[in-house]
Amino acid sequence: MNILVCVKRVPDTESRIRIQLETKSIAEDGLNFVISPYDEYAVEEALKLREAKGGTVRVVSVGKDAAVAVLRKCLAMGADEAFLVKDDSPETYDGLRTARIIARAVERKFAGTDLLLFGKQSVGADNSQVPAMVAELLGLPQATVVTKLEVEGTSATALREIEGGMEKVVLSLPAVVTAQKGLNEPRYETLKGIMAAKKKDIPVVKLEELGLGPDELASQVEVTGLDVPAQRQAGKILKGDPIETARELVRLLRAEAKVI
Amino acid sequence: MIAVFMETRDGKIKKSSLEALSEAKRRAGEMEVETAAVLVGGAVADLVPSAFALGAAKVYLIENKALVDYSSQAYALALAEFVGEVKPAALFFAATAMGRDLAPRVAARLGAGLASDCVKIAVKAGALEFTRPIYAGKAYLTFTLRSTPKLATLRPNTFPLGEAVPGAGEVVERQIAIPDGAVKGRVAEVIKEESAEVDVTEADVVVSGGRGLKGPENFALLHDLAAVFPRAAVGASRSAVDSGWIGHQHQVGQTGKTVSPNLYIAVGISGAIQHLAGMSSSKVIVAVNKDAEAPIFKVADYGIVGDLFEVLPRLKDELKKALAE
């Protein structure tokens, strides 16, 4: 089975996000970048499937040169090959643009892919748009936010999270699946894996090679503002006897906050 | 026209879809266009009155036996066809599991821009302007979409539900052909969680626990407290989930769910940045923690510094008394 995993480089979740007002963008200096956490579950699932069924695991990222670090981590985890689709444009927050790039890359460079795995969303833009858009552009079925995946022959069964339960989705391959926390426990890279990954070549695919027109690469999103939320003010602190404080809290919730 | 996709579960329109319809009605009023509801499914005509009650001028009914079980492919085909024919200026969805699965497919099919998980929508110079959290709410992005139509998913529990008043309007039935072989994936079964609790993203009150609970067995205290409220759910910090104390579907924060309930009660949670990102848009935040220096107190409207094992049972009793009044 040929699996392609799409990954993104994002600031880690402990990052404090600062804004550059003049460019309406996120200040990147001082941020620690990692593979988007949900993408790690996608890579792990691909490796597990390869171990069970054979085949190859390829990983691709659309982004700047710096994304190579994330691809190298995937190689160190055990992916066979990694590719960078080089896109130097700043974050557009437009899922459709990225989806068009990935869909075209799949058609031109990764033909014969049986399963496309993604994280359920990037941790950052938080759009959760790209995987389903890629599926639609390629005419493939999808299961998003998946916590269990079984592949049998040319079909897959996925459990996806919905409010208050799960949906069991039956897909015929090729298909798009997005990973949710709970799908698996991502492995750590081994020293041997890290050493081997350092030696591997990471081919660069240029955007021009994909033959997308300017219309297709134009962002649909026009940013008019970027703000950090107003800091919440620390409120009233109650201390002392548990019965007294509980009673006072309930009184405040009713009389002052009016939420009960 | 602003059209709104009405998600149905268990033979009812979801509350979050009705919230989206209410918001569409308000914005359409400003734009002086009409609001329409779009009902998709096997047999959904029974649900027409609830859409009219919230002010839809028209209800489009797309019924087909191929639409009985949800399939992102079949539903996207139906909605894209509807948009192509009726040409609404915008199509809204609730940002639910289904809305987030479906809207991107419709957008890709139409080549349209999509605003995901909006928390605010405004009309500026006649055009819709969307605001949505990025980095799980560490920042907010405001933007317009260049395409027509403009697609958006609206975060549940964020937009006020309009008042339902019995009303009527035009019902438009639309036929849709779904070719054999066009649908390669579908929902075979819906498995409900046994607990009667609502999802953290849909709850009015969320009671969350962290490392301070000391072990999985003590989550019972949170369930007891949540049970006092009519629509409450139990949440958890990442460290509690990673310790295996509770399922990840309860996790609130940047690698969990973002919630905005009326009342968020953080119990034994210190308040890591990634947790705060997921709950800071709650209307009122209460923290219970024995460490007076815990960062959670910096965002809490009300804090109790004390032993949660002593405080929670008392808090439950007092809340019960107050809510019974």
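1. Two directions count as roughly parallel at angles under 35 degrees, roughly antiparallel over 145, roughly perpendicular from 65 to 115, and oblique for the rest. Point 5 relies on this cut-off. The model under review is predicted.

2. Chain A in outline. Its secondary structure consists of 7 helices and 15 strands. The C-alpha trace of chain A spans about 65 × 45 × 40 Å along its principal axes. Chain A has 260 residues, of which 48% count as buried. Among contacts in chain A with a separation of 6 or more, 71% come from residues 24 or more positions apart.

3. Helix 4 of chain A. This helix covers residues 130-138, and because 9 of its 9 residues are buried, it is largely enclosed by the rest of the structure. The buried residues include A:Val130, A:Pro131 and A:Leu138, and also A:Glu136. After helix 4 of chain A comes A:Gly139, with a positive phi near 70°.

4. What do the buried residues of helix 4 of chain A pack against? Within chain A, the partners are helix 3 (95-109), strand 8 (115-119), strand 9 (142-152) and strand 12 (175-179). Chain B contributes helix 3 (72-86) and helix 4 (97-110).

5. Helix 4 of chain A packs on helix 4 of chain B at an angle of about 45°, and their axes are 8 Å apart. The two helices are therefore oblique to each other. Their crossing is right-handed. On the chain A side, the contact is made by A:Ala132, A:Met133, A:Ala135, A:Glu136 and A:Leu137. From helix 4 of chain B come B:Asp101, B:Pro104, B:Arg105, B:Ala107, B:Ala108 and B:Arg109. By class, the residues of this contact are 7 nonpolar and 4 charged, with no polar ones.

6. The contact between the chains as a whole. Chain A supplies 73 residues and chain B supplies 76. On the side of chain B that touches chain A, 35 residues are nonpolar, 20 polar and 21 charged.

7. One bridge to look for in the structure has A:Leu226 with B:Leu141 of strand 10 as its partner.

Technical notes
Residues numbered from 1 in each chain as written. Chains lettered and ligands numbered in written order. Predicted model: local features only at pLDDT ≥ 70, side-chain atom pairs only at ≥ 80, totals over all residues. Helix = DSSP H or I, 4+ residues; strand = E, 2+ residues; numbered from the N terminus. Buried ≥ 20, exposed ≤ 12 C-beta atoms within 10 Å, placed from the backbone. Contact = placed C-beta atoms within 7 Å. Axes fitted to C-alpha atoms, helices over the stretch in contact; angles between N-to-C directions. Left-handed = near helix turned anticlockwise from the far one by under 90°. Nonpolar A, V, L, I, M, F, W, Y, C, P; charged D, E, K, R; others polar. Pairing = 2+ DSSP bridges.
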